[in-house]
Amino acid sequence: MAPLETANAVMTYRDAVRAGIRDALLRDQRVFLMGEDVGRYGGCFAVSRGLLEEFGPERIRDTPLSEATFVGAGIGAAIAGMRPIVEIMTVNFSLLALDQIINNAATISHMSGGQFHVPVVIRMTTGAGRQLAAQHSHSLEGWYGHIPGIKVLTPATLEDARGMLWTALEDPDPVLIFEHGSLYNMEGELPADAGPVDIERAIVRRGGFDLSLITYGGTLRTALAAAEELAAEGIDCEVLDLRVLRPLDTAAILASVVKTHRAVIVDEGWRSGSISAEICARIVEGAFYELDAPVARVCSCEIPMPYAWHLEQAALPRIETIKQAVHRSVGGGRG
Amino acid sequence: MTCATDRHGQPDPLSAEHALYLLSQMLRIRRFEEKCVELYSAARIRGFVHLYVGQEAVAVGTMQTLGPDDAVVATYREHGHALMRGVSARSIMAEMFGKVEGCSRGRGGSMHIFDAATRFYGGNAIVGGGLPLAVGLALADKMRGLAGVTACFFGEGAVAEGEFHESMNLAALWKLPVLFCCENNLYAMGTALARSESETDLALKASSYEVAAWSVDGMDVLACQRAAERATAAIRGGGGPVFLEFRTYRFRAHSMYDPELYRSKEEVEQWKERDPIATFAASLQSSGLVTTDALERLEQQVAAEIEDAIAFAEAAGLEPLEDMMRFLYTEKDRHGTA
């Protein structure tokens, strides 16, 4: 397809998500958006603002506050041939729909012997940093990554925010997309015709030789910022953006570790039983003899996320804590 | 094979052919499940098995109003619904044997019968979990301008789940073509309705969501048929969902591990006097619509079908272990982008 326009446009992550939804609605009549306040209100985080006016109430559907049922309805509609985008306001609310996500979306293809497919996309906000306290701030995307039968995406850039959605909608299986709330206002440049991106591979966002910072989603920016400061000290970090938490791109993780021989995993989720633990295990299983130092992790404190700014910031992975972990890993004298 | 009702809701005279059809379907389900009990005792069938014995009139009376473009969502007590929908006895039995020729390749067992060819969407073993799915199937049909009705079966126990209330509300709000079939057999496993619901009038609950709702004698196949015909006609006319409460009773235990401490033998015996098959057969005989000979032939046909299903299941193969991981995600080379 020939690009109509190649000039870059300055936009926010929010604009990029909206553009992705709009692209999908324009491309495929089977696509519709449904969720709480996605229509008249314009989306809890203003992602879908203007879409109701453009596409009408049949395709931009405001739902009651019934997470289990509108997610289940999205699953049913997907099985019957539609391509629903279901928006859940935050990951904490998605817990009300866990029955449908885990017992139906994730099981039906396998349990029916491949007779039925569930091409639903479920988007939700995740993460902390906005002083929303313990019922609006958790990072449970790694926890969803535990579930076989679904795919888990964590777009951390404008390009992925716009491009992952279309690929997810073309995927015949259920895809969950986690948009970190602190990213919505992030500005950047994106080609006006930015298109679909793959939803399979991790990407090296910054090349380096001394240590691998492995991260995803909301902490990518933090990790990149830490890498810049560390570079000024002479520590050359590679930053790997996982992009997809299920299936994990193990090959990319191992390739980076084989190159740098050191790894620090930065994950806004809790440490115990987490995706960071899984990544660590895969490194140990696949590249143990390549390691020059123990694998380290920088995670959120294991508490319900507190409201007060200083507490919330102290509970989250930060540039400082990442740098400390890197210093410990490279050893001696610098930390 | 429908028995039309006229505008006043009076049934047309019952033809011998249709009467025999209804009876044969109920009998297929009853005899199939009686064999399941034997096969369970012989350890040919394992896991949880929930029998439909006593409730056959509901599936048969209701589902014979459905056409191939309609959809069905059922529960873990769904052998009867699957048989009535046209899923073959062979593939259901093979499924219960855990064989690869089973309708779900042996991955689901008794509780998870799936069949794309007949739009049979499971076999959902989470109480209430099928309702949102039915809402979505109906939403897709409506958005695509298709005339299908989604029939969603569930027990009265599901009425206590949040998903029931959410689904009633959303289906009514969006005027979706769902036929909610609540089979009230009085016990959610062992919990009697009055012990779990502050309001035991189930149709009233549905009515509170502006869903047309009424109660039906679930032991009378003709009453079930009339109710379903009226309901599906209203749904196809664009009137939105309908909720039917079928008052019925399961004669057997909840599953194979149930000592039935929660109800008396006398109560069970009283309900058995209203056996939907025995009473219907007796009425057909007394009215001369069906002869004793015809009944005997029917029994033989049903027995032959079930014996064939068992032989098929016995001879069927096991899914190769190397295929165990298949279908977790769609196989694109086989299914395209689905």
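Domain bounds are those of an automatic or database domain assignment, and for chain A this assignment gives domain 1 (11–191) and domain 2 (203–330). The structure is a predicted model, in which local features need pLDDT of at least 70 and side-chain atom pairs count only at pLDDT 80 or more, whereas totals for chains, interfaces and linings use all residues. Residues are numbered from 1 along each chain as its sequence is written, and chains are lettered from A and ligands numbered from 1 in the order in which they are written.

The C-alpha centres of domain 1 and domain 2 of chain A are 26 Å apart. With contact taken to mean that the C-beta atoms of two residues, placed from the backbone, lie within 7 Å, 24 residues of domain 1 of chain A touch 23 residues of domain 2 of chain A. On the domain 1 side, two or more residues are given by each of helix H7 (141–144), strand E6 (151–153) and strand E7 (175–180) of chain A; helices (H or I, at least four residues) and strands (E, at least two) are DSSP runs, numbered from the N terminus. This side of domain 1 of chain A has 10 nonpolar, 11 polar and three charged residues, where Ala, Val, Leu, Ile, Met, Phe, Trp, Tyr, Cys and Pro count as nonpolar, Asp, Glu, Lys and Arg as charged, and the others, Gly among them, as polar.

The contact between the chains involves 38 residues of chain B and 35 residues of chain A. Helices H5 (130–143), H6 (162–173) and H13 (332–335) of chain B each supply at least two residues of the side of chain B that touches chain A, and the largest share, 10 residues, comes from H5(B).

Within chain B, the 16 residues of helix H9 (residues 221–236) should span 22 Å at 1.5 Å a residue, which agrees with the 22 Å between its end C-alpha atoms; the expected span is 1.5 Å times one less than the number of residues. A residue is termed buried if 20 or more other C-beta atoms, placed from the backbone, lie within 10 Å of its own, exposed if 12 or fewer, and partly exposed in between. The buried residues of H9(B), among them B:Val221, B:Cys224 and B:Ile235, pack against elements including helix H1 (16–41) and strand E4 (178–184) of chain B.

B:Ala43, in the loop between H1 and H2 of chain B, has a positive phi near 60 degrees and is exposed, with 7 other C-beta atoms within 10 Å.
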